[in-house]
Amino acid sequence: MYAIVDIETTGSYAAANGITEISIQVSDGTQVVETYETLVNPLQPIPRYIQAMTGISDDMVAEAPPFSQVAERVFQLLHDKVFVAHNVNFDFSFIRHQLLHCGYDLQTKKLCTVRLSRRIFPGLPSYSLGNLCHSLGISLVNRHRAGGDAAATAEVFHLLVRQDREQLVTRSLLRGSKEQVLPPHVPREHFEQLPYGPGVYYFHNEKGKIVYVGKAKNIRYRVNSHFSNNSDSRQKQRFLRHVHAISFRPCGTELMASLLESSEIRRLWPAFNSSQKRWEDVYGLFAYEDQRGYLRLAIEKNKKHLAAVHTFHYLVDGHAILRRLIESYRLCPKLCFLRKEDEPCDERCQGACSRRETPADYNRRIREAIASLAKQPSYLILDKGLGADDRSFVLVLHGKLAGMGYLPENGPVHALDQVLPHLEPIRESSYTRNLVQGYAARFPDQVVSLVDSPSLPAAIESLLPAVFD
């Protein structure tokens, strides 16, 4: 038996919204044998745009039962049947969420009439319920009300069953079938081609634009986890509603996947990514000469038209770096703005703040301190590649992430000009810098020091400024 369901709600995801109307059409696969329908008081205001779309107002539901009063009846109708809906995971997420709050755990198989329609009636201009009904010659009355949409979905489902020559309905209900969990618009083939190794995956909307980028140790498992759980979050409902295609790019290691994900988020700025969008080098260490001729170091927020001698994400990191330079090069804390002008200086100061030390002598140490920030090692992190005949590398030049790539398994790797022809540049950020430095510290046996070579090919050398802009 099947329970063909439609609901109206106050919003797009179950965790923060309620149900305003529910209709259940119980079917034996050929005809409706029982119908249940009721308005529901969502116990929260209905947004005006939803009132305009559905015609359901706050006044209409004021005297309607809250979901807790109809939960037992809804569970009885659904728990032993196949849950069928147009874009099934949306309706199922709301009803399951509401039932759980009332003490009922709905665990039932699902069928999506959008996915089935795409398989059984391929090539239609649109698979929205209204357009699908128009293409199939099915009457749809009382649109955007639970009763009208559920009745139309029941007719669509019965037609699908009659036209199902490949037993897609039965196959979709088999254990292991992804038809029950994938977004309604994503072809199953897109999921089947996903590899079991590390890499980056992309979710595309109906126009092909990338709306989400993710990384994974196992791409197939990770993509599956987005849809196979019973999450009622806004993100999952966005994915179910807007994702129309999945693509991927394999990587040799999880580290490379993390670096590529970060780079792609900054390049593409996908609508549904939130993490790492705000992770930038917020602060910088700036050097300038004051009116007395002394070079001064100051920590400020980064500015578009001023070049910092060093950048960092957290203010505390900048203060730690500055204190280290003061200690190592006996700089004046007052001239570095770590001590107020009316306070006495400490023993590290050689007298620059009281002009006992000349600007020339003090500035020489300042320049040495600044130069020390750039004296960072160049090295490779070597690991397994995409196949048996290559190995992956992550390149760090003078402490900065330059990029990554793949080398022949037995090729030389100790000189920079042997590596650069295989380099894919990646723009560094605080996130990727910390990621690489932490990895190198944890796995020193994978680190290979590099010798700079003066014979870099000009075409390859021209790539490097893009990394450090």
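This report walks through a few local features of a predicted model.

## Ground rules

The model is predicted, so local features need pLDDT of at least 70 and side-chain atom pairs count only at pLDDT 80 or more, while totals for chains, interfaces and linings use all residues. Residues are numbered from 1 along each chain as its sequence is written, and side-chain values use heavy atoms, with hydrogens and water left out.

## Around Asn89

Let's start with Asn89, which sits in helix 4 (residues 88-101). Helices here are DSSP runs of H or I with at least four residues, strands are runs of E with at least two, and both are numbered from the N terminus. Asn89 is buried, at a relative accessible area of 5%. On this scale, buried means under 20% relative accessible area, exposed means over 50%, and partly exposed is in between, using a 1.4 Å probe and protein chains only.

Leaving aside residues up to four places away in sequence, Asn89 touches Lys110, Gln180, Val181, Leu182, Gln237 and Leu240; contact means heavy atoms within 4.5 Å. With Lys110 there is also a side-chain polar contact of 2.7 Å. A polar contact is a pair of N or O atoms within 3.5 Å; within protein, one must be able to donate a hydrogen and the other to accept it, and residues adjacent in sequence count only if both atoms are side-chain atoms. Lys110 also lies over the face of Phe92, 4.7 Å from the ring centre. That label requires NZ of Lys or CZ of Arg within 6 Å of the ring centre and within 35 degrees of the ring normal.

## The 10-9-11 sheet

Next up is an open sheet of three strands, ordered 10-9-11, with antiparallel pairing. Strand 10 (295-301) and strand 11 (310-312) are the edge strands, each pairing on one side only. Neighbouring strands in this sheet are turned by 30° against each other on average, direction ignored. Two strands pair if DSSP finds at least two bridges between them; strand 9 (residues 283-289) and strand 10 have seven, in the antiparallel sense.

Tyr283 stands opposite Lys301 in strand 10. Helix 14 (residues 359-374) packs on the sheet, touching strand 9, strand 10 and strand 11, and its direction makes about 40° with that of strand 10. Axes are lines fitted to C-alpha atoms, for helices over the stretch in contact, and angles run from 0 to 180 degrees between N-to-C directions.

## Aromatic pairs

There are 15 aromatic pairs. Rings of Phe, Tyr and Trp (its six-membered ring) pair if their centres lie within 6.5 Å; planes under 30 degrees apart count as stacked, over 60 as edge-to-face and the rest as tilted. Phe203 and Phe239 are edge-to-face, with 5.1 Å centre to centre and 80° between the planes. They link distant parts of the chain, 36 residues apart: Phe203 is in strand 6 (residues 199-204) and Phe239 in helix 11 (residues 234-242). Phe203 is buried at 0% relative accessibility, and Phe239 is buried at 1%.

Phe227 and Phe239 are edge-to-face too, at 6.4 Å and 70°. Phe227 lies in helix 10 (residues 219-228) and Phe239 in helix 11, so this pair ties together parts 12 residues apart in sequence. Phe227 is buried, at 1% relative accessibility. Tyr201, Phe203, Tyr212, Phe227, Phe239 and Phe272 form one aromatic cluster.
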